[in-house]
Amino acid sequence: RQTSVCCLCFQNGDPVAFAVEKPHDMHRLRGIVHRIERKVIHNDGEADSPQGKQFVGNDPFVVIYGDDVIIGDDPCTAQCCRAYEKYGKAVVSMKEVPFELVLKYCTLDVKPLEDNLYSISDMIEKPKPEEVISNFAILGRCVLPAKIFDILATLPTGAGGEYQLTDAMKQLAKSEGMVGVDFTGTRYDMGNKLGIMKACVEVALNHPEIGEDFRAYLKTLDI
């Protein structure tokens, strides 16, 4: 079974949607970009609706968080799409993070499924310390069914007075279950200056054209 997937990501406050026919056709995103503009967004939950719903229709779609850059031989989005194809449930990419970061992100109730895949039955956005279920948190990518828009339309504001996509996913997890992918690859937090510089340096060191020259340049620095 092959599912047509629509991809939504966000740039300068505007969601950008991509249509992908098959998970292994991610390279075809180039040249088939559709911009959906929204002037004001109160967090990710509101960004997903209603213009996103109009574009997506009844197809599943991918949400890509711009502050999570994930680099690896097997693209994180492709890993999530394969899990969606296999189980037919909403999918999130996730990692175990330090306790203090769980409080800033979210906490997931997970059980091993197979290999690096887990079933998710509950989640809490920005939990209080006593609410933490596990150190697994959503990072970077989600593959969601179109029904998520109907759930979002019924939700009040959540943590921080914001519209939280996690609150809608929580309903999905509790009603029909979700799948978590403990993804392979390195995740860089582009939401802080150190994360940006780590990404720049490590990508430059591994770059086939400039890697050796950049490494030599670093050795000349008085560190």
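**Notebook: helices, rings and loops**

I started with two helices: from helix 7, Val201, Ala204 and Leu205 meet Gly211, Phe214, Arg215 and Leu218 of helix 8. For me, contact means heavy atoms within 4.5 Å. Sorted by class, the contact of helix 7 with helix 8 has 5 nonpolar, 1 polar and 1 charged residues. In that sorting, Ala, Val, Leu, Ile, Met, Phe, Trp, Tyr, Cys and Pro are nonpolar, Asp, Glu, Lys and Arg are charged, and the others, Gly among them, are polar.

Before going on, I noted that this is a predicted model, where local features need pLDDT of at least 70 and side-chain atom pairs count only at pLDDT 80 or more, while totals for chains, interfaces and linings use all residues. Residues are numbered from 1 along each chain as its sequence is written, and side-chain values use heavy atoms, with hydrogens and water left out.

**How the two helices cross**

I looked up what describes such a pair: two packed helices are described by the angle between their axes and the distance between the axes.

**The whole chain**

I then stepped back to the totals. The chain comes to 8 helices and 11 strands; these are DSSP runs (helices H or I, at least four residues; strands E, at least two), numbered from the N terminus. Of the 223 residues, 43% are buried. Buried means under 20% relative accessible area, exposed over 50%, and partly exposed in between (1.4 Å probe, protein chains only).

Among contacts with a separation of 6 or more, 66% are between residues 24 or more positions apart. The chain exposes about 12100 Å², and carbon and sulfur atoms supply 52% of that. Areas come from the Shrake-Rupley method with a 1.4 Å probe; for residues, only the protein chains shown count as cover.

**Rings**

How many aromatic pairs does the structure hold? I found 3. The ring centres of Phe61 and Phe149 are 5.0 Å apart and the planes are at 20 degrees, so this pair is stacked. Rings of Phe, Tyr and Trp (its six-membered ring) pair if their centres lie within 6.5 Å; planes under 30 degrees apart are stacked, over 60 edge-to-face, and the rest tilted. This pair links distant parts of the chain, with Phe61 in strand 4 (residues 61-64) and Phe149 in helix 5 (residues 148-152), 88 residues apart. Phe61 and Phe149 are both buried.

Tyr118 and Phe136 form a tilted pair, at 5.2 Å centre to centre and 50 degrees between the planes. Tyr118 is in strand 8 (residues 117-125) and Phe136 in strand 9 (residues 136-144), so the pair ties together parts 18 residues apart in sequence. I checked burial here too: Tyr118 is buried at 18% relative accessible area, and Phe136 is buried at 6%.

**Two loop residues**

Next I looked at phi angles. Asp115 has a positive phi of about 50 degrees although it is not a glycine. Asp115 lies in the loop between strand 7 (106-114) and strand 8. Is Asp115 buried or exposed? Asp115 counts as exposed, at 75% relative accessibility.

Lys126 is another non-glycine with a positive phi, near 45 degrees. Lys126 sits in the loop between strand 8 and strand 9, and at 36% it counts as partly exposed.

- Ile124 lies in strand 8 and is partly exposed at 22%. Ile124 is in contact with Cys106, Thr107, Glu131, Ile133 and Lys170. From Ile124 to Asp167 it is 43 residues in sequence and 7.6 Å in space, C-alpha to C-alpha.
- Val69 lies in strand 5 (residues 68-71) and is partly exposed at 27%. Val69 is in contact with Thr186, Arg187, Tyr188 and Met190.
- Ile196 is in helix 7 and is partly exposed at 32%. Ile196 is in contact with Asp189 and Met190.

How values were computed: Lists of a residue's contacts leave out its neighbours within four places in sequence.
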